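Have the sequence and the 3D view to hand. Here's a quick tour of a few spots to look at.

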Amino acid sequence: MALRNAVMAALLEGEASGYDLAKGFDATVANFWTATPQQLYRELERMEAEGLVTARVVEQERRPNKRLFSLTRAGRDAVRAYTAEPPARPSVVRDELLVKVQCADAGDLDAVRTAVAERMEWATAKLVRYERIRQRLLAGRSEEAYFTEAERIGPYLTLLRGMSFERENLQWGELALRRLGQRAAVHNQQSE
């Protein structure tokens, strides 16, 4: 998947500046796509040159003018074409923590356990943030009412996937900490 598809997905929420997109990326598509602000700005420039987005300048007092981007008809057509394509391949996990866990027996078990615990803290914080977004999207409605009444359901479905992913990270982290702790205890007994 190209960054442009994630940018178009974010712009389906409405007009946004590059700064707003960079800041809001975390709340919209970050559970399945990440990008630096520089990458977003470069992609917006390319997309504008290709006619997928249009930008209007908003003058601001005491701050530089900002450009607000929105999808053009060609951009919406590109979204439609993109969604009609089959996904290229299933997601691939590339996670440095998993490489460290793979090496734990030959490495520093305590450092690996600390890294797993930190990942769990991060997952917990993301779940809290995702739950706030979920409550804002639901706006007091049940999920069933949301799916019936909402203009767009894609953001909610991807949010649920992100929440599920982080819950699984916590479940795995608990198992990994328990087993790594047992292994550390065995190593400590053997070294006495």
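This is a predicted model: local features need pLDDT of at least 70, side-chain atom pairs count only at pLDDT 80 or more; totals for chains, interfaces and linings use all residues.

Strand β1 is joined by two bridges to strand β3, which covers residues 66-71, and the two run antiparallel. If you want a spot to look for, alanine 16 has phenylalanine 69 in β3 as its bridge partner.

On to the other pairing: β2 and β3 also run antiparallel, with six bridges joining them. Here you'll find threonine 54 standing opposite serine 70 of β3.

Put together, the three strands make an open sheet in the order β1-β3-β2, with antiparallel pairing. That leaves β1 (16-17) and β2 (53-58) at the edges, where each has a single partner strand, so one side of each has no neighbour in the sheet. As a bit of background, strands of a sheet pair through backbone hydrogen bonds.

## The annotated C-terminal stretch

For residues 93-180, UniProt has an unreviewed entry with the feature "domain: Transcription regulator PadR C-terminal". In the model, that span is 81% helix and 0% strand, and its end C-alpha atoms lie 21 Å apart.

Definitions and conventions: Residues are numbered from 1 along each chain as its sequence is written. Side-chain values use heavy atoms; hydrogens and water are left out. UniProt positions are given in the numbering used here, feature names are shortened, and annotations may be inferred rather than shown by experiment. Helices (H or I, at least four residues) and strands (E, at least two) are DSSP runs, numbered from the N terminus. Two strands pair if DSSP finds at least two bridges between them.
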